[in-house]
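Q: Hi! Could you look at this one with me and talk through some helix packing and RNA contacts?

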Amino acid sequence: MSQAYDHHAIEAKWQKYWQAHQVFAVNPDTTKPKFYILDMFPYPSGAGLHVGHPKGYIATDVYSRYKRMQGFNVLHPMGWDAFGLPAEQYAIETGTHPRDTTRRNIENFRRQFQSLGMDYDWSREIDTTDPRYVKWTQWIFSKLYECGLAYLAEVPVNWCPALGTVLANEEVQDGKSERGGFPVVRVPMRQWMLRITAYADRLIDDLDLVDWPAPIKKMQRDWVGRSEGASISFEIADHPQHSLEVFTTRPDTVFGATYLVLAPEHSAISTITTAAQHNEVMQYIEEVSRRSDRVRLAEGGEKTGVFTGAFALHPVTNVRLPIWIADYVLATYGTGAIMAVPAHDTRDWDFATKFALPIIEVVAGGDISAGAYVGAGTSINSDFLNGKPTPQAKTHVIEWLEQKGKGKGSVSYKLRDWLFSRQRYWGEPLPVLHLDDGTTKLVPESDLPVLLPELDDFKPTGEFEPPLARAREWVEVTDPETKHKAVRDANTMPQWAGSCWYYLRFCDPKQTEQAWSPEAEQYWMPVDLYVGGAEHAVLHLLYSRFWHKVLYDLGLVHTPEPFKKLLNPGMILGYSYRYYDNNLSDDPHASVTTYPATDVCLDAETSVHRESREELKARWVCAQDVHWKDKDTPCHPTYEGLVLEEVIEKMSKSRGNVVNPDDVIAEYGTDAMRLYEMFMGPLEKGAPWSSDSIPGVHRFLQRAYRLIMGEQEGHSSLSHLIGSTGTSTQARLTAETVRAVTQDIEEMGFNTAISKLMVFVRDITREGPLPRNSAETFVLLLAPFAPHLAEELWACLGHASSLVHEPWPTYDPACLTPSDMTIPLQVNGKLRSKILVPAESSKDDILRLARADEKLLEWLQGQTPRKVIYVENKLVNFVL
RNA sequence: GCGAGAGUGGCGGAACUGGCAGACGCGCGAGAUUUAGGAUCUCGUGGGUAACCGUGGGGGUUCAAGUCCCCCCUCUCGCACCA
């Protein structure tokens, strides 16, 4: 007996059909209502897609197919964020040009997407490395430059010698590079910066305009980190021409300031440090610069610092306050200097306690001997502020400082300007010329794009010189205007650049005269639904909002925000199997001792042996290779008796827990794979992949196939279908399924929508043969989830063309009313009986029937209920 | 440490404003039909012999609590000296 539902044949057939008939091509008719649904486009990595990736893509595919059937003109595009380090790393190792690697990877990704049956309009495909795209990325940079939002600055950067490049703060974790885990040191360097801080307030305020998950909004607000306070100027004893600016959010505590602290990088240090303290200070600064963040972290916040020998004068009392240097003050926040109020700031309290500095209480309400009191209260020991509650004290002291010219109200942000240069090859060159006189100018728009020079060797130079600098004839040019010698900027843009505006290019991807036409932008923007991982909660989403706002100010886009609604699909995780060994250097010839996870514990961030404290390294066994001693005991395949630890974590090659969608599709088909990923649970929730559950959804598809095609094998016979709408029960189930599935899709509740389709297939033929109307309705409801099977069934039902543009089914609400209903009867809130009553029963009818119910009477035992609660058409509760 | 979210059968998960806890699926059990298939169908499946007990634990509000209030525990994810 052959399998009736041949997913291979059906899926191949319809994917071919869709492509041949261009059914997903965007409709140029701009009078129709539009819906722009966007996936965060992927970086086409060499590993290809694993089953964790498609979850969000499948969800948008379901939703966009649904919207299309609802009559919307849907824009659902896909493209490639194709610049990036891995292709360059691969080029360094193998000499393969990143362009070739990228092209190959893109082809593989496109093939995988197509095999998933995605409804993308491939004619709108974008590749950020395409010169036709790079041109406009550079053009937008030019706009930023012209607006004064791009500037060169000497800033301390994260230099990673192993990668030969500078990394953004976000790419450094615990003092190591996020990619590769190489050590990172801080070095000053001349860099392009983008003035995102100029938009700080709007990046916070305009969050009110978008429908995003609350946690993401909060993360963005915190990242921008606006805080209001005052900057106060302190004169320095014996240096009348110098003063120190500090920023504080608690100017009301100014009378509690007992010392000042400068960040180790503060520029005033060399001026004010006394001869006696000079050596100690220099030594401290040197020490701090060598200390990685990781070491700081391990110290658990223990304060360190050194006295400069200098004193500042309190702006009100003129008391001499010692000036210290400590690394708990950050150079990059506020003014890099603080007034320390140990009584009311935890960090200052710790520091003052350690170095025996005075602590003066100036806000009542806490116990200063036990720790800092950081709450609000009434000012004390504070001269003209005494008796004032904190908010008034703040306002008052700011007024006083402003009058005396010793300070002013001010706002500080955690957000810093965006470091925009990378010393890499595989990125967009910055369209800038450096002239002899030290000035810079843009490459004229007519000369864009500035393309990458061809290189034979992609290795970083290892010096503070980008790989592009090696291409001498590319770097050395003549300024087309002045005919003077000039050099090209040899930096490239960070990977974020391309993804900052791709959603605009999708509106008009083939445009050659401009980045996008105003008409296309006007029609398609904003993105109605944007779906992608929460890992981009701050960086990508903040950067692209920033660019968008600049473009908005220039009148190039018509909405202040690019993404109306945002959704973060949860990650699909994998089971991986872990043990440890002591081969820290990965030496293949070393003699290695292995340990099970039970022997290992964590010391700060490092894995160490529970007893010997020897440092160990985690190792993983590929899931397929695990030897199962019994069903709960995974063991190492070769090291006898080594029990592995089962961990659920993000899928990655290094963990050996990757499931390839190609394999799943080959076995169960795309429709089953899509259905499984949507059925796993709520979209936003992460869950481990479990291949065991796929046969379940595959069975459902087979049942659906047989339901429509009939039980007969070999040939399709639809003779079992009846023409009418069937029994009232069948009509109701059909209407109810339309209602429920529609509502669930609207709410992105795909798992429950699928369960309702399952109920339909199970129950629709209980009372009689399948009515044609129910069959067609069901096929249309199934279409967004299992589009290939649905198309096949639709065709078999006698339709000549694809169902992609069929109207979404509707229902007659009158059909929903059942002829009777079950009313649960409770006694004291506990379910005791149920009665079946006609649907149109009144309250009195129901109560009368309830009181007559035999089971209930037993429970009442002749007592008269003290109270009877009736919930309309829901339940009756007798309270004794 | 701070912030956010989540704890429901053997498992993934349902349950709109408080109103029949466990939809649907996996797994498991029984049967039917079969006899080389990862097949199909039907029935059953929270625990307990029962009364009863059951949504992380403990209190509370209510006729009625997974849902509301208070306290506590655990897990996951962000942030981490931001003055």
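Q: Let's take H19 and H22. At what angle do they pack, and how far apart are their axes?
A: In this predicted model, H19 (residues 670–679) packs on H22 (residues 750–763) at about 120°, and the axes are 7 Å apart.

Q: What do you call that arrangement of H19 and H22?
A: Oblique, because the angle is about 120° and 65 to 115 degrees would count as roughly perpendicular, over 145 as roughly antiparallel.

Q: Which residues meet there?
A: From H19 you have Leu675, Met678 and Phe679, and they meet Phe750, Asn751, Ile754, Ser755 and Met758 of H22. Sorted by class, that contact has 6 nonpolar and 2 polar residues, with no charged ones.

Q: What does the side chain of Arg762 contact?
A: One of its N or O atoms is 2.2 Å from a phosphate oxygen of RNA strand B.

Q: Which side chains go to a sugar or linking oxygen, or to a base nitrogen?
A: Arg706 has a polar side-chain atom 3.0 Å from a sugar or linking oxygen of RNA strand B. For a base nitrogen, there is Lys874, with a side-chain N or O atom at 3.4 Å.

Q: How do the residues of that RNA-facing surface divide by class?
A: Near RNA strand B there are 20 nonpolar, 10 polar and 19 charged residues.

Technical notes:
Residues are numbered from 1 along each chain as its sequence is written. Chains are lettered from A and ligands numbered from 1 in the order in which they are written. This is a predicted model: local features need pLDDT of at least 70, side-chain atom pairs count only at pLDDT 80 or more; totals for chains, interfaces and linings use all residues. Side-chain values use heavy atoms; hydrogens and water are left out. Axes are lines fitted to C-alpha atoms, for helices over the stretch in contact, and angles run from 0 to 180 degrees between N-to-C directions. Helices (H or I, at least four residues) and strands (E, at least two) are DSSP runs, numbered from the N terminus. Angles under 35 degrees count as roughly parallel, over 145 as roughly antiparallel, 65 to 115 as roughly perpendicular and the rest as oblique. Contact means heavy atoms within 4.5 Å. Ala, Val, Leu, Ile, Met, Phe, Trp, Tyr, Cys and Pro count as nonpolar, Asp, Glu, Lys and Arg as charged, and the others, Gly among them, as polar. A polar contact is a pair of N or O atoms within 3.5 Å; within protein, one must be able to donate a hydrogen and the other to accept it, and residues adjacent in sequence count only if both atoms are side-chain atoms.
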